[in-house]
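Here is a short briefing on selected features of one chain. Keep the view open while reading the points below.

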Amino acid sequence: MYYNDQKLLTPFVYSFMCLLAVSLFFLKCSPKITTYDPPIEEPQDFSASGKDSVSNRWWEAFDDPELNRLMDSSFSHNMNLIRIWYQLQEARSMRKIQSTFLLPDIEGSARTAISRPQPDFAGGENTQIGVSANYEIDLWGRIRAGVQAEDFRLQASYFDYQTAAMTLSSQIATTWFQLITAKKQLNLAQEQIAVNEKIIKLIKVRFGSDQIKGVDILRQQQLVEEAKNQKLIYETDLAMLKNQLAVLTGVPPQNFSITAQDSLPSLPSHPQTGLPLELVRRRPDIKRAYNELLAADRDMAVAVRNKFPRLSFNLSGQTRSNTYPELFNDWAYTLGANLVAPLLYWGRLRAEVDRAEAVKNQQLYNYGQSILVAFQEVENALVQEKKQAERLTVIDKRITMAKNVQKQLQIEYINGFIEYLDILISLDEQQRLEREKIQLQQQLFESRIALYRALAGNFDLDYENETQAVNQNINEQ
């Protein structure tokens with residue numbers, strides 16, 4: 001159809017609005033979103049629970065200002081976390097790209113040609129301007145389903161960012177308490193060196209009065225060297241843990257300086273584990289898996305609707321003139337429709353549906369596995385903390401007994417009833433138990449960190465305001 005008019009906008013805009021009205025009518029054909037239950041048995045309550053609720057900023061329960069400072073610094077400067085933040089921005093852009101397919105593509109064109117006079121030909125200018133709009137009517141909701149898939153992937157990317165932040169928080173807390181433990185072990189090693197060297201001096205005095213064998217001095221010297229070896233190990237651990245904290249907080253290790261405390265803080269009271277289904281709704285990694293499942297479901301909807309006919313429209317307007325003043329006087333408009341239906345694709349479209357369905361089922365069981373792993377992490381942390389607390393009670397008794405044995409052996413040695421080797425073995429055992437106790441205390445804190453990590457949900461970050469705005473925009477779609 002061709003129209004001549006001096007005004008460009010009236011027929012063009014009228015036709016364009018008609019196309020939009022048709023598209024809004026067919027939006028009702030968009031496929032409905034399916035909700036899924038996890039493919040697991042109904043979970044029972046967790047094996048243990050405390051009374052204190054778990055804060056999303058769980059590390060604040062340790063009441064350690066330096067740990068809080070490290071956390072804030074890492075959330076702002078950790079390179080891996082920032083990298084994942086830009087993955088979220090990438091997902092935002094992908095969602096924006098997909099949403100534009102719901103709108104018409106509008107293009108403009110212009111061309112000018114100048115011909116010089118030739119024999120038997122007239123010269124002059126020829127200028128042409130055109131505007132076109134191409135639009136596919138979303139008859140069956142195929143395009144809309146694609147947009148919804150990107151919505152869910154954007155949500156999944158957001159929860160992936162939150163999961164990375166949760167993992168980073170546990171790494172910071174664990175490394176910080178390992179640093180404190182290494183310093184405490186270093187102090188203990190220095191104390192043990194001093195004790196062992198003092199004993200050597202006493203032994204040498206008795207050796208001078210022929211009350212002790214020379215081999216006893218050598219044996220005690222071995223214990224001194226073992227304590228010095230332990231000191232070197234803890235000095236190395238201390239330096240490496242500082243370097244690890246530097247990288248986690250986004251600082252070059254050579255620029256990083258921090259002073260660890262001499263002892264671990266008091267362990268907070270046991271937190272509430274809550275109901276298993278509350279954990280499913282709270283943990284960002286589980287919510288990420290669920291949104292990946294919903295995205296796969298939308299991809300399957302797209303694959304199914306690729307088998308249906310497609311209807312598209314093209315609206316264009318052009319004007320041409322040999323002079324610029326007359327360029328906009330006459331316009332020609334064209335409105336065309338195109339209906340395409342797949343007839344014989346040799347099973348390719350059906351295979352694509354089967355593939356999309358297989359991916360959806362993969363994501364369904366990945367969602368179920370994520371829930372099972374979350375439950376496992378909670379139960380593991382509970383049993384580890386319980387048994388490590390019991391081991392600490394046992395090792396306290398063993399240290400007390402080792403000290404009593406050491407005192408009794410010293411009395412018997414002075415009275416000449418035993419060899420010094422018995423005292424040496426007892427002293428070595430006592431010092432080993434003292435080092436093991438410190439390590440067990442650290443493991444107890446790691447179990448509590450794992451429990452907090454398994455129970456906690458999202459928390460505010462420096463980028464959170466922008467992220468919440470993204471989240472709100474998704475939910476409004």
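This is a predicted model: local features need pLDDT of at least 70, side-chain atom pairs count only at pLDDT 80 or more; totals for chains, interfaces and linings use all residues.

**Surface patch**
- Ile97 sits in helix α3, which spans residues 79-99.
- Together with Met94 and Phe101, Ile97 makes a nonpolar surface patch.
- The patch covers about 290 Å².

**Leu67 and its contacts**
- Leu67 belongs to helix α2, residues 65-77.
- Its relative accessibility is 0%, so Leu67 counts as buried.
- Beyond neighbours within four places in sequence, Leu67 touches Trp59, Phe62, Ile172, Ala173, Trp176 and Phe177.
- Phe177 is 110 residues from Leu67 in sequence, yet their C-alpha atoms are 9.0 Å apart.

**Aromatic pairs**
- The count of aromatic pairs comes to 13.
- One of them joins Trp59 and Phe75 in a tilted arrangement, with 5.6 Å between centres and 55° between planes.
- Trp59 lies in the loop between α1 (9-26) and α2, and Phe75 in helix α2, so this pair ties together parts 16 residues apart in sequence.
- Both partners are buried: Trp59 has a relative accessible area of 0%, and Phe75 has 3%.

**Ring cluster**
- Ring pairs link Trp58, Trp59, Phe62, Phe75, Phe177, Phe445 and Tyr452 into a cluster.
- Trp59, Phe62 and Phe177 are among the cluster members, and these three are also in contact with Leu67.

Terms used: Residues are numbered from 1 along each chain as its sequence is written. Side-chain values use heavy atoms; hydrogens and water are left out. Patches are made of residues with over 30% relative accessible area and no salt bridge: like charges are joined within 9 Å, nonpolar side chains (Val, Leu, Ile, Met, Phe, Trp, Tyr) within 5 Å. Accessible areas come from the Shrake-Rupley method with a 1.4 Å probe; for residues, only the protein chains shown count as cover. A salt bridge is a side-chain nitrogen of Lys or Arg within 4 Å of a carboxyl oxygen of Asp or Glu. Helices (H or I, at least four residues) and strands (E, at least two) are DSSP runs, numbered from the N terminus. Buried means under 20% relative accessible area, exposed over 50%, partly exposed in between (1.4 Å probe, protein chains only). Contact means heavy atoms within 4.5 Å. Rings of Phe, Tyr and Trp (its six-membered ring) pair if their centres lie within 6.5 Å; planes under 30 degrees apart count as stacked, over 60 as edge-to-face and the rest as tilted.
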